[in-house]
Amino acid sequence: MLPFTTQTKVGPGDKSKAYVIRQNTCLRFLLFTLVGLCLMLMVLASTMYDVHVERRSKAWQSGVHRREERSLRLQVGRLGMRLQQHMHDDVRDMSILREYRARMYRAVGEYQNTVRSTVEEATSRNATLTKTLAKLELELDEQLEMAMRKLWSDVNEEGKRAGEKLHNLTTEIIDGMRLEQHEEEDFEEQYGEGAEYHEDAEEGFKEGDDYSEDIKDREGDEEDEDYEEVRMRFALDRLLTRLKAMPNITLSADELTDWDTAYNAALDSMGDESKEADLEAIQAKLVARMTSKGVSVKAGRVHAAEGAQDDGSDGGEGGDDKDEYVPSVFDQFETALEAAKVMPKKPELFLKFGEWQAGTLPTPQLIQFVEELYDQNVLESGLFEDWDDR
């Protein structure tokens with residue numbers, strides 16, 4: 001017998017069994033069932049609402065973390081590139097010292113020869129004085145060689161250590177920019193335009209901390225502007241200006257190899273401690289290569305102001321022209337060599353810069369491409385050459 005029925009007797013003499021449905025019990029059962037369904041629906045709705053709120057919160061947090069990760073990765077990349085430039089300067093100091101060493105030895109040698117011939121004429125009849133002067137000349141050579149050897153050793157060691165670490169550092173910067181690009185693509189795929197929680201993620205990204213609030217307040221940057229992004233853009237704009245100013249020097253692969261070999265041979269010759277380098281002959285070879293390709297070579301002293309002093313100039317009107325810096329032949333050849341290496345890459349470089357300026361190419365991706373060219377020795381200097389932090 002069911003709980004909502006009751007047994008009774010009907011018919012003649014109440015001899016037949018019958019079941020009567022209890023109306024109140026049925027209504028009570030239906031009421032409990034309805035209440036149970038309502039409770040289940042309320043729990044389900046509450047759970048769905050909690051999940052929705054949690055997903056919105058997760059999207060917001062993801063936006064905040066994406067902003068922080070992007071800013072920190074760009075900051076690490078920027079600091080790495082500044083360290084990279086310092087290492088490059090150490091390597092370059094080694095080549096500059098080779099040139100200065102060769103120039104100094106040549107100048108001192110010419111001066112000693114002139115003094116020796118003059119003194120020999122004046123003291124040809126005084127053997128004691130001649131021996132004393134010869135001894136003093138020998139002592140000067142020894143002191144000069146000792147001082148130069150110490151400087152030469154220190155700069156060479158620093159240059160070699162920097163050269164060994166430079167490639168590894170550049171590789172780490174490239175990997176960092178590549179990882180940043182992958183993370184950006186994953187974020188866009190999950191919370192990009194048209195995604196369910198795009199607005200929450202976008203709001204979190206705008207409210208994220210880029211760890212430069214004090215600098216932004218001091219410089220008046222926009223509230224939602226990423227300071228590290230601004231730094232990178234500034235450096236890239238400077239690089240683009242430098243690329244546009246480069247002369248168009250077209251060399252074949254064999255000619256490019258010949259130029260590179262000639263430049264390295266010149267540095268090795270100036271660094272050879274066993275003999276004095278013939279600077280005039282070395283420079284003549286480099287100048288011949290540049291003039292054969294129509295590259296104008298500036299002639300004169302390394303600094304024209306020195307010439308003005310030699311000529312007895314009082315530094316009056318026209319002094320600005322005399323103070324103009326004139327790069328050495330080696331510096332001019334290095335600049336021409338870089339322009340020749342960049343020439344085949346210019347179309348692709350300008351294309352990527354155009355996409356970057358149009359907003360279709362992310363900044364980390366352009367930095368990655370520039371660093372790859374730097375690692376291949378196509379570009380001779382990085383993004384932060386001669387640029388101080390603001």
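**Aromatic pairs and helix packing**

Of the 390 residues in the chain, 34% are buried in this model, which is a predicted one. The chain comprises twelve helices and two strands, and the order of its elements from the N terminus is β-β-α-α-α-α-α-α-α-α-α-α-α-α. Among contacts between residues at least 6 apart in sequence, 76% join residues at least 24 apart.

Pairing of aromatic rings was examined with a cut-off of 6.5 Å between ring centres, and by this rule four aromatic pairs are counted. In one of them, formed by Phe187 and Tyr191, the ring centres are 5.7 Å apart and the planes stand at 50 degrees, so the pair is classed as tilted. Phe187 and Tyr191 both belong to helix H2 (residues 127-191), where a spacing of four residues corresponds to about one turn of the helix, and both residues are buried.

A further pair is formed by Tyr263 and Phe333, whose ring centres lie 6.0 Å apart with their planes at 20 degrees; because planes under 30 degrees apart count as stacked, this pair is assigned to the stacked class. Tyr263 is located in helix H6 (residues 253-270) and Phe333 in helix H10 (residues 329-342), so the pair ties together parts of the chain that are 70 residues apart in sequence. Tyr263 is buried, with a relative accessible area of 9%, and Phe333 is likewise buried, its relative accessible area being 0%. Together with Trp259, the residues Tyr263 and Phe333 form one aromatic cluster.

An aromatic ring also takes part in an arrangement with a charged side chain: the charged end of Lys352 sits over the ring of Phe369, at 5.1 Å from the centre of that ring.

Helix H10 is also packed against helix H7 (residues 279-292). Two packed helices are described by the angle between their axes and the distance between the axes; for H7 and H10 the angle is about 30 degrees and the axes are 10 Å apart. As angles under 35 degrees count as roughly parallel, H7 and H10 are therefore described as roughly parallel to each other, and the crossing in which H7 passes H10 is left-handed. On the H7 side, the residues in contact are Leu279, Ile282, Gln283, Leu286, Val287, Arg289 and Met290, and these meet Val329, Phe330, Gln332, Phe333 and Ala336 of H10.

Technical notes
Residues numbered from 1 in each chain as written. Predicted model: local features only at pLDDT ≥ 70, side-chain atom pairs only at ≥ 80, totals over all residues. Heavy atoms only, no water. Phe/Tyr/Trp six-rings, centres within 6.5 Å; stacked < 30°, edge-to-face > 60°. Buried < 20%, exposed > 50% of the residue type's maximum accessible area, 1.4 Å probe, protein only. Lys NZ or Arg CZ within 6 Å of the ring centre and 35° of its normal. Axes fitted to C-alpha atoms, helices over the stretch in contact; angles between N-to-C directions. Parallel < 35°, antiparallel > 145°, perpendicular 65-115°, else oblique. Left-handed = near helix turned anticlockwise from the far one by under 90°. Contact = heavy atoms within 4.5 Å.
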